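Subject: Handover of a structure

Dear colleague,

Please find below the structure that I am passing to you. My notes on what was found in it follow directly after.

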Amino acid sequence: MKIADALRLSGEAFLNALYPPHCAKCLADTDSGVHLCLICAAQARKIKSPFCRQCSQPFEGAIEGEFVCAHCRDRKLHFDCAVAPYLSRDVVREFIHRFKYERQYFLRRPLADWMAEALEDSRITAQPFDAFVPVPLHRARYRERDFNQAEVLAKLIAKRAGKPVLSALQRIRYTTTQTRLNREERMENLRNAFRVRHASLVQSRHLILVDDVFTTGSTVEECARVLRHAGAASVRVVTVARG
């Protein structure tokens, strides 16, 4: 365990001993280790059928059975599917932002609980996988944030699944924020931003790529592309939420 992680965990344990547990959304009392009450948990908007089997984009309309949305149908994608159990709205979006940008590290647990639901999706259970691979941060961004949210979540769900976490990817080019870029601009912004550390780590392996949010899919697509080019047998994606 890294020193920074150990300090965060010890600080969290101290606060839990000092203050009664409560809901991180409404401050209602909760059981020990529970950071979201049932009322606030009901605000989390689950992605329900019909949705795109490739990217989980929900569709409000009368469609029966599986379908692929226009964005995925018109593109050659290197990941088999991207599974997100929730929409990035309300309490889900709030917790992700507080975890990433406000360093509220304890929120990793409810986020991991939500992400773990993706592992029960038939697109994941249909074929065994070998390992989890977190989307990496550039070292400069890592210094700013002091942790990689994708890596933290990957370790938590990997422990539940009994699978290893591979630090197989490295972000070698610093990219500007993507929040104001469209899909094409994001893809260009990320071109050649990642590399595989050691091809032997991923060759012939079925991998689960982990990130916090799937928005346009440009980040996970570029990661999946370099993983497949390095010899990965397949790449599927799990995230907490779909933007």
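Two strands are said to pair if DSSP finds at least two bridges between them. Helices (H or I, at least four residues) and strands (E, at least two) are DSSP runs, numbered from the N terminus. This is a predicted model, in which local features need pLDDT of at least 70 and side-chain atom pairs count only at pLDDT 80 or more, while totals for chains, interfaces and linings use all residues. Residues are numbered from 1 along each chain as its sequence is written, and side-chain values use heavy atoms, with hydrogens and water left out.

The sheet

An open sheet is formed by four parallel strands in the order β1-β8-β6-β3. β1 (81-83) and β3 (131-134) are at the edges with a single partner strand each, so one side of each has no neighbour in the sheet. β3 is joined by four bridges to β6 (residues 206-210), and P134 has V210 as its bridge partner in β6. Helix α8 (residues 149-161) lies across β3, β6 and β8 (234-238), and runs at about 170° to β3; axes are lines fitted to C-alpha atoms, for helices over the stretch in contact, and angles run from 0 to 180 degrees between N-to-C directions.

The cores

A nonpolar core is a set of buried Ala, Val, Leu, Ile, Met, Phe, Trp, Tyr and Cys residues joined through side-chain atoms within 4.5 Å. Buried means under 20% relative accessible area, exposed over 50%, and partly exposed in between (1.4 Å probe, protein chains only). In the largest core, of 38 residues, V92, W114, I157, V238 and V240 touch the most other members. β1, α4, α5 (108-116), α8 and β6 each supply at least two residues of this core. Apart from it lies another core of 32 residues, including L77, L209, L227 and A232.

Lysine 100

K100 is found in helix α4 (residues 90-101) and, at 14% relative accessibility, counts as buried. Leaving aside neighbours within four places in sequence, K100 is in contact (heavy atoms within 4.5 Å) with R145, F147, Q149 and D212.

Helix α10

Of the 12 residues of α10 (residues 218-229), 10 are buried, so this helix is largely enclosed by the rest of the structure. Its buried residues are covered by elements including β4 (169-171), α9 (183-190), β5 (194-196) and β8. G231, which follows α10, has a positive phi near 110°.

With kind regards

How values were computed
Expected span 1.5 Å × (residues − 1).
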